[in-house]
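User: Please take me through this model one feature at a time, giving the general idea before the particular case.

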Amino acid sequence: MSTFGAYVRLWRIGYVLVREGVVSVLPAEELPPSAQILQKAAGFLTRARAGERSDRLARAVERLGPSYVKIGQFLATRPDVVGAEIAVDLSALQDRMATFPTLQARAIVESSLGRTCDDLYESFGEPIAAASIAQVHPATVLRDGRLQKVAVKVVRPGVRQRFANDIEAMYLVARTQEWLLPHTRRLRPVEVVRTLEQTTKIEMDLRLEAAALSELAENSADDPGFRVPTVDWERTGRDVITMEWIDGVKMSDIEGLKRAGHDLTALADQLIQSFLRHTLRDGFFHADMHQGNLFVDPQGTIVAVDMGIVGRLGKKERRFLAEILYGFITRDYLRVAEVHFEAGYVPSHHDIASFAQAIRAIGEPIHGQPAETISMAKLLTLLFEVTELFDMETRPELVMLQKTMVVVEGVSRTLNPRFNMWKASEPVVGSWIRDNLGPKRILTDLREGLTATMRLAEAAPEIAMKAEKVSRELTAMSETGLRFDPQTAEAIGRAEARHSRSGRWALWIIALTLLYIAITLS
């Protein structure tokens, strides 16, 4: 798509946001004076509709279409970029899209799997849920001589091309933001858009979601009270995934959970502990754990679905997370500050004691408060303010983790209004600390260091040969100069020829334009 097309799309985005009243309900005190004047002018163009900003924002994004819903859902994972309040508003964009016809879904399934739906399934029902990327159909398959119910997720028709067009507008916004607001460059908006592009491309390939489900199933096979659906690989392809049908109660249905006899307090603790186990132990976690993606089966086991968005943490990041959480739990703010510096997240020219003081200002209000007033979302808002003071750049993998923790804490709090994030986390975090940051860590590091040394020794002859070759080539270059191979020389010639032709065409167009102007004036 052309840059002109990107500007047109941006104009449409602005128009929809104004018409739906999103601009008029933004907090005026946070806007510069010139923007406040424009905001008042935008109020005259707003449709006369009542509602909170969150409702208006969700309605505006839905009106813009499926790819913008996906963009909104992704930006809900980046409160550091859009702000904590807007991130919460955007998190309401869950399974609110209109469905597309079942005939189209059947055609997509058949094209992706190379077999007819009648051959693949005994029955194929109407859609029961629709999101920005795909929708879900109930179906049945014949397995071991009896019918088994399954869920079939099918990608929306044309969504890939539509998203590819819309992403250019997002790049334009990000580059403009970096140009007009230099102080926001530490948030790396262009990198955020690039991450969105990559994440969505992965999410649109349902084979990768199936692989994520399979990986998490292996990791959590022995975990108490948590699992994911099994994948039917025979009926899974790029545009369709078939998986186990889950008979359970959605976590958003609190009354339904109570009627089923589930212990809501235990479920709240179970949810956060499962998430932390996957994050710290495996470095691989479900990054979209809102209520719509969580069920509780009749046995009281939490079942997580829709793994289009996942997060990964390396060993360094996992140690960072565990020590940060444990530092807040034990009120060891100096250690929390030291970990930030050791990991390189805070530039070394800053004073560690001053940073520890800022961390204390975040952590102390948590302790001594009633459980229902302790908010991870509030903590993260303060943390983002501190990161700006100390020149911390955005770390995409950590922000995804922080956002997921906010969502999981929010779900747990709906189950148990007195849910205490820190108390529930301590058994998992403390156990991980003892196993990985105590004497065991030294043995593990020694073993890994020895393995790395052996690999380096094995590769030493090859490294030496390559170094010798590079040395010979540099010596030859210094004596005879830089030479191109025939293919490189030919490519340079073709490029120069194209530029020359372009220059000639430009001169002809300019000459003809001037001739036309002269004739018109005469």
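User: Is F285 buried or exposed?

Analyst: A residue is called buried under 20% relative accessible area, exposed over 50%, and partly exposed in between, with a 1.4 Å probe and protein chains only. At a relative accessible area of 0%, F285 is buried, and F275, at 1%, is buried as well. This is a predicted model, in which local features need pLDDT of at least 70 and side-chain atom pairs count only at pLDDT 80 or more, while totals for chains, interfaces and linings use all residues. Residues are numbered from 1 along each chain as its sequence is written, and side-chain values use heavy atoms, with hydrogens and water left out.

User: How many aromatic pairs are found in the whole structure?

Analyst: Rings of Phe, Tyr and Trp (its six-membered ring) pair if their centres lie within 6.5 Å, with planes under 30 degrees apart counted as stacked, over 60 as edge-to-face and the rest as tilted. The search of the whole structure gives 3 such pairs. One of them joins F275 and F285, whose ring centres are 5.6 Å apart and whose planes meet at 85°, so the pair is edge-to-face. Helices (H or I, at least four residues) and strands (E, at least two) are DSSP runs, numbered from the N terminus. Since F275 belongs to helix 13 and F285 to strand 9 (residues 284–286), the pair ties together parts that are 10 residues apart in sequence. F341 and F355 also make an edge-to-face pair, because their ring centres are 6.0 Å apart and their planes stand at 75°. This pair links distant parts of the chain, with F341 in helix 15 (residues 333–342) and F355 in helix 16 (residues 352–363), 14 residues apart. Both F341 and F355 are buried.

User: In what order do the 4 strands of the open sheet come?

Analyst: Two strands pair if DSSP finds at least two bridges between them. The order in this open sheet is 5-11-10-8, and the pairing is mixed. Its edge strands, each pairing on one side only, are strand 5 (226–227) and strand 8 (249–250). Helix 13 (residues 264–282) packs on the sheet, touching strand 5, strand 10 and strand 11 (302–304), and its direction makes about 50° with that of strand 11. A contact here means heavy atoms within 4.5 Å, and the axes are lines fitted to C-alpha atoms, for helices over the stretch in contact, with angles running from 0 to 180 degrees between N-to-C directions. Strand 8 runs antiparallel to strand 10 (residues 294–296) and is joined to it by 2 bridges; K250 has F295 of strand 10 as its bridge partner.

User: Which residues of helix 7 are buried, and which are exposed on the other side?

Analyst: An α-helix has 3.6 residues a turn, so residues three or four places apart point the same way. In helix 7, T102, A105, I108, V109 and L113 are buried. They cover an arc of only 115° around the axis, which puts them on the same side of helix 7, the arc being that of the directions from the helix axis to the C-beta atoms. On the other side of the helix, L103 and S111 are exposed. The elements covering the buried residues of helix 7 include helix 8 (117–120), strand 1 (123–124), strand 3 (134–143), strand 4 (146–155) and strand 7 (240–244).

User: Where does D144 lie, and what is its phi?

Analyst: Most residues other than glycine have a negative phi. D144 is not a glycine, yet its phi is positive, about 55°; it sits in the loop between strand 3 and strand 4, and its 77% relative accessibility makes it exposed. D306 likewise has a positive phi, near 55°, without being a glycine, and its place is the loop between strand 11 and strand 12 (310–312). Just after helix 7, G114 takes a positive phi of about 70°.
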